[in-house]
Amino acid sequence: MNASQALGLDVSQLRVTFDGFVAVADTSFQVKPGESFGIVGESGSGKSTVLRAICGLAPRESGSVRLTGAENAPGTQPAPGSKAFRRRVQMVFQDPYGSLHPRQTVDRILAEPLAIHGVTDAETRIERALDEVGLGKGFRFRYPHQLSGGQRQRIAIARALILEPQILLLDEPTSALDASVQAEVLNLLEELRRRRELTFIMVSHDLAVVTHLCERLMVMQRGQTVESLSTLDLVAHRVSKPYTLSLMQASSGFRRTVEA
Ligand SMILES: Nc1ncnc2c1ncn2[C@@H]1O[C@H](COP(=O)(O)OP(=O)(O)OP(=O)(O)O)[C@@H](O)[C@H]1O
């Protein structure tokens, strides 16, 4: 993929409510094509709901989600959740076991999005996707229970990438994994981002993970944006809001990273 095909995202005044409860309150942010953007905040602050609303899995009460970049002139915007949108924007969930169908082989799991989108060269794409996530075709006919947690998450990443989207939404992609496996999967994501010029929007409660993978981040609390800052500012403790500071102090992994 060349740089001109990279896509960004413009989220404006996004509001999501569940039976009157405001989970996300008029949140706005922009992610540039090829950028890696993090969303952090305490549990329940609305991070996952932002990602889910972007891809049409959570109901958007108001606000807009627009793809940006050369390909997306005004008037040609695919609706979030539509087939055309999913071709460009894919999501990876936290729990790799829960997100893979237990009775489907890896082959079937990877073939499904291709069939839905009418892609014909399934065999080649599946083998290439398995290679890309460092597993190889020997894994093609295994079931999820025959894989380790890290391998399952690699399959979930392969499934998200098989349609060659430009944007990946990552919801706590490594938090269900052991620390050493976590590092392997983060390195894989970083390598894939560089190779494919992907745009990432990653939710995490772990500041160490976000500083590893993201260039910029947004801090959320109770459905609202507290502040937006660069990773460099965060690492240098150049934060303006007490909430961000308390989040940094609460994150032991982050303290270790800063002290290292
Ligand atoms: N489908 C739903 N129905 C009702 N309430 C919901 C739904 N999804 C999320 N919520 C509520 O919206 C709020 C934000 O949830 P969300 O999952 O976005 O938080 P989060 O910051 O991602 O938290 P965590 O880090 O624990 O995953 C929470 O209070 C949650 O209970």
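**Leu-217 and what lies around it**

Mentor: Leu-217 is in contact with Phe-37, Gly-38, Ile-39, Val-40, Val-210, Leu-229, Thr-231 and Leu-234, when residues up to four places away in sequence are left out. Keep in mind that this is a predicted model.

The largest nonpolar core has 63 residues, and Leu-217 is one of the four that touch the most other members, together with Ala-158, Leu-169 and Ile-201. Helix α5 contributes the most to this core, namely six residues. In soluble globular proteins, nonpolar side chains tend to be found buried together.

Next come the strands. An open sheet of six strands runs in the order β5-β6-β7-β3-β8-β9, and its pairing is mixed. Its edges are β5 (89-92) and β9 (224-230), each of which pairs on one side only. From one strand to the next, the twist averages 20°. Strand β8 covers residues 216-221 and is joined to β9 by six bridges, the two running antiparallel. Within that pair, Met-218 is set opposite Ser-228 of β9. Helix α9 (residues 242-250) lies across β3 (36-41), β8 and β9, and its direction is at about 100° to β8.

Helix α6 takes in residues 179-196, 18 residues in total, and spans 26 Å from first C-alpha to last, close to the 26 Å expected at 1.5 Å a residue. Its buried residues include Gln-182, Val-185 and Leu-189. These three sit on the same side of α6 because they cover an arc of only 70° around the axis. The other side of α6 carries Ser-180, Arg-194 and Arg-195, which are exposed. The partners of the buried residues of α6 are α5 (149-161) and α7 (207-213), against which they pack. After the helix comes Glu-197, with a positive phi near 50°.

Why is Val-185 classed as buried? Val-185 has 23 other C-beta atoms within 10 Å, and the cut-off for a buried residue is 20 or more. Its contacts, again without residues up to four places away in sequence, are Gly-150, Gln-153, Pro-173, Thr-174 and Leu-177. Val-185 and Ile-157 are 28 residues apart in sequence, while their C-alpha atoms are 9.4 Å apart in space.

In α4 (residues 122-132), Arg-125, Ile-126, Ala-129 and Leu-130 are buried. An arc of only 130° around the axis holds these residues, so they are on the same side of α4. Thr-124 and Asp-131 are exposed and belong to the face of α4 turned away from the buried side. Among the elements covering the buried residues of α4 are α3 (106-116) and α5. Just after α4, Gly-134 has a positive phi of about 80°.

Strand β1 (residues 8-18) pairs with β4 in the antiparallel sense over six bridges, and Val-11 is set opposite Val-65 of β4. The pairing of β1 with β2 is antiparallel over seven bridges, with Asp-10 opposite Gln-30 of β2. β1 and β2 make a hairpin with two residues between them, and in its turn Asp-19 has a positive phi of about 50°.

Key
Residues numbered from 1 in each chain as written. Helix = DSSP H or I, 4+ residues; strand = E, 2+ residues; numbered from the N terminus. Expected span 1.5 Å × (residues − 1). Buried ≥ 20, exposed ≤ 12 C-beta atoms within 10 Å, placed from the backbone. Arc of directions from axis to C-beta. Contact = placed C-beta atoms within 7 Å. Pairing = 2+ DSSP bridges. Axes fitted to C-alpha atoms, helices over the stretch in contact; angles between N-to-C directions. Core = buried A, V, L, I, M, F, W, Y, C linked by C-beta atoms within 7 Å.
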